[in-house]
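Here is a short report for a first look at this structure. Have the sequence and the 3D view open as you read.

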Amino acid sequence: MTTLVLGASGATGKHLVEQLLLMGQHVKVVVRPLTNIPNAWNDNDRATIIRANISEMTVDEIANHIKDCQAIASCLGHGSTIYGKPRKLVTDAVKILCSAVEKNASENVKIVLMNTAGFRNKDLNERISFGQRIMMGIIRTLVPPHLDNEEAAEFLRLNIGQKNAKIQWVVVRPDNLTNEENVTEYSLCVSPTSTLFNPSKISRINVGHFMARLIVGNDLWKEWKGKMPVICNAPQKY
Ligand SMILES: NC(=O)c1ccc[n+]([C@@H]2O[C@H](COP(=O)([O-])OP(=O)(O)OC[C@H]3O[C@@H](n4cnc5c(N)ncnc54)[C@H](OP(=O)(O)O)[C@@H]3O)[C@@H](O)[C@H]2O)c1
């Protein structure tokens with residue numbers, strides 16, 4: 001199985017690529033021309049490095065890259081340039097990826113989107129307190145990447161939906177991200193159990209591990225496809 005990974009050079013994206021390689025998978029990573037990546041990827045026969053800026057790629061270019069891919073994952077994020085361009089980095093990437101899949105890829109391509117527990121899945125009745133609703137409104141206005149993440153997830157929910165012939169998707173919702181060296185136990189919930197004022201923690205390596213397992217494992221995929229699992233560190237084993 002081959003997976004195209006966007007945001008592969010990022011703090012979570014690197015873990016996702018490492019986990020996929022550890023699971024014996026083939027990966028194609030799209031990284032910006034000047035971005036550093038681990039040397040081991042250059043020497044790995046199962047890793048293909050595509051040097052390009054996703055915001056400047058055409059549908060045809062992406063369609064060409066994904067014609068042998070069965071899965072696509074995005075760990076894109078705005079990093080420290082939250083007020084910089086492109087404002088809709090994640091949303092535009094998801095849209096163009098879906099257009100490329102429609103154009104060229106085989107059937108049943110898995111798309112796994114790293115998002116945020118701050119996003120509420122409107123397919124479910126995910127209630128938030130009045131105070132949190134006010135805060136989310138302020139964040140939406142003042143932190144453009146949050147709105148970008150929300151719109152990207154909404155595009156999959158509304159425009160691709162549950163019955164697309166070619167695309168199946170999972171939106172992974174982590175809360176506060178931390179850095180750990182090893183995969184630990186984590187748990188998955190259908191909806192957030194934490195709040196903006198009392199967030200849960202999840203390590204980036206655990207997020208990468210779960211995203212890789214979704215891509216590789218058919219049973220796990222069937223369980224979560226078309227859903228938006230919230231992932232957090234937890235004592236119980238999933
Ligand atoms: N921080 C948190 O606690 C938290 C919590 C929940 C969800 N999230 C979300 O999780 C996602 C990933 O987080 P992270 O901390 O792993 O991200 P990160 O380390 O900042 O990585 C971001 C990735 O996006 C790429 N990127 C940034 N701007 C780009 C552009 N203009 N064109 C192409 N690629 C670009 C970066 O490439 P370069 O290496 O070339 O810069 C990098 O690979 C984000 O969407 C974030 O909003 C974060």
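## Around the ligand

In this predicted model, 27 residues surround the ligand. The closest are Ser-9, Gly-10, Ala-11, Thr-12 and Gly-77.

What is the make-up of the shell, by nonpolar, polar and charged residues? Polar residues number 14. Eleven residues are nonpolar, and two are charged.

## The sheet

Eight strands build an open sheet. Their order is E3-E2-E1-E4-E5-E6-E10-E8, and the pairing is mixed. Which strands lie at the edges? They are strand E3 (47-51) and strand E8 (186-189), each pairing on one side only. On average, neighbouring strands of the sheet are turned by 20° against each other, direction ignored.

One pair deserves a look. Strand E4 (residues 71-74) runs parallel to strand E5 (residues 109-114), and four bridges join the two. Within this pair, Ile-72 of E4 stands opposite Ile-111 in E5.

## Helices on the sheet

Helix H4 (residues 89-104) packs on the sheet. It touches strand E1 (2-6), E4, E5 and strand E6 (167-174). The direction of H4 makes about 175° with that of E4.

Helix H6 (residues 144-160) also packs on the sheet, with E5 and E6 as the strands it touches. The direction of H6 makes about 150° with that of E6.

Technical notes. Residues are numbered from 1 along each chain as its sequence is written. This is a predicted model: local features need pLDDT of at least 70, side-chain atom pairs count only at pLDDT 80 or more; totals for chains, interfaces and linings use all residues. Two strands pair if DSSP finds at least two bridges between them. Axes are lines fitted to C-alpha atoms, for helices over the stretch in contact, and angles run from 0 to 180 degrees between N-to-C directions. Two residues are in contact if their C-beta atoms, placed from the backbone, lie within 7 Å. A residue is near a molecule or strand if its C-beta atom, placed from the backbone, lies within 6 Å of it. Ala, Val, Leu, Ile, Met, Phe, Trp, Tyr, Cys and Pro count as nonpolar, Asp, Glu, Lys and Arg as charged, and the others, Gly among them, as polar.
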